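Hi,

Here is the model I said I'd pass on.

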Amino acid sequence: MWRLGLLLLLPYAAFLLARAFRLTLMPMLGSDSVRRTRRMAPAEMVRDPVCGVWIDSRLALDGWLGAERVRVCSEQCRGRLKTLA
Ligand SMILES: [Zn+2]
């Protein structure tokens, strides 16, 4: 009896996988999204000296590492600057 359940479940699982695949990958492959990315100004990336992550400078926070002005990714990293200096 469990075989019958499995037979019914497999096509459904395949259908769910196919749908998830379409939803996640198709927007990336679409020509519309490609055009959108090209039109966008390239983001200036800065490196957070605390955790080492690269961030968009427009989203970065200003912090001070001694006398040097640095850009950090979050309020937590700004707090940790004091322990680094
Ligand atoms: Zn950080």
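Leaving aside its neighbours within four places in sequence, which residues is Ile 55 in contact with? They are Met 45, Val 46, Asp 48, Ala 60, Arg 71 and Cys 73. Contact here means that the C-beta atoms of two residues, placed from the backbone, lie within 7 Å.

Before the rest, some housekeeping. This is a predicted model, where local features need pLDDT of at least 70 and side-chain atom pairs count only at pLDDT 80 or more, while totals for chains, interfaces and linings use all residues. Residue numbers start from 1 along each chain as its sequence is written. As for pLDDT, that's the predictor's confidence in each residue, from 0 to 100. The chain has a mean pLDDT of 81, and 80% of its residues reach 70 or more. Helix 2 (residues 31-39) has the lowest confidence, at a mean of 59, whereas strand 2 has the highest, at 96.

Now the layout. You'll find three helices and four strands in the chain, running α-α-β-β-β-β-α from the N terminus on. Both kinds of element are DSSP runs numbered from the N terminus: helices are H or I with at least four residues, strands are E with at least two. Of the contacts with a separation of 6 or more, 17% are between residues 24 or more positions apart.

On burial, 12% of the 85 residues count as buried. The cut-offs: a residue is buried if 20 or more other C-beta atoms lie within 10 Å of its own, exposed if 12 or fewer, and partly exposed in between, with C-beta atoms placed from the backbone. Ile 55 turns up again in the largest nonpolar core, whose seven residues also include Val 50, Ala 60, Val 70, Val 72, Cys 73 and Cys 77. A nonpolar core is a set of buried Ala, Val, Leu, Ile, Met, Phe, Trp, Tyr and Cys residues joined through C-beta atoms within 7 Å.

Strands 3 and 4 are worth a look too. Strand 4 covers residues 68-72 and pairs with strand 3 in the antiparallel sense, over five bridges; pairing needs at least two bridges found by DSSP between two strands. Asp 62 has Arg 71 in strand 4 as its bridge partner. The hairpin of these strands has two residues between them, and Gly 66 takes a positive phi near 70° there.

Next, the loop between strand 2 (54-56) and strand 3 (61-65), where Ser 57 sits. Ser 57 counts as exposed because it has 10 other C-beta atoms within 10 Å. Even so, Ser 57 touches Glu 44, Met 45, Val 46 and Arg 71, not counting residues up to four places away in sequence. Its C-alpha atom is 5.7 Å from that of Val 46, 11 residues apart along the chain. Arg 58 is found in that loop as well, and is exposed, with 9 other C-beta atoms within 10 Å.

Last, Leu 84 in helix 3 (residues 75-84). Leu 84 is exposed because it has 12 C-beta neighbours inside 10 Å. Beyond four places in sequence, Leu 84 is in contact with Val 50 and Leu 65.

Cheers
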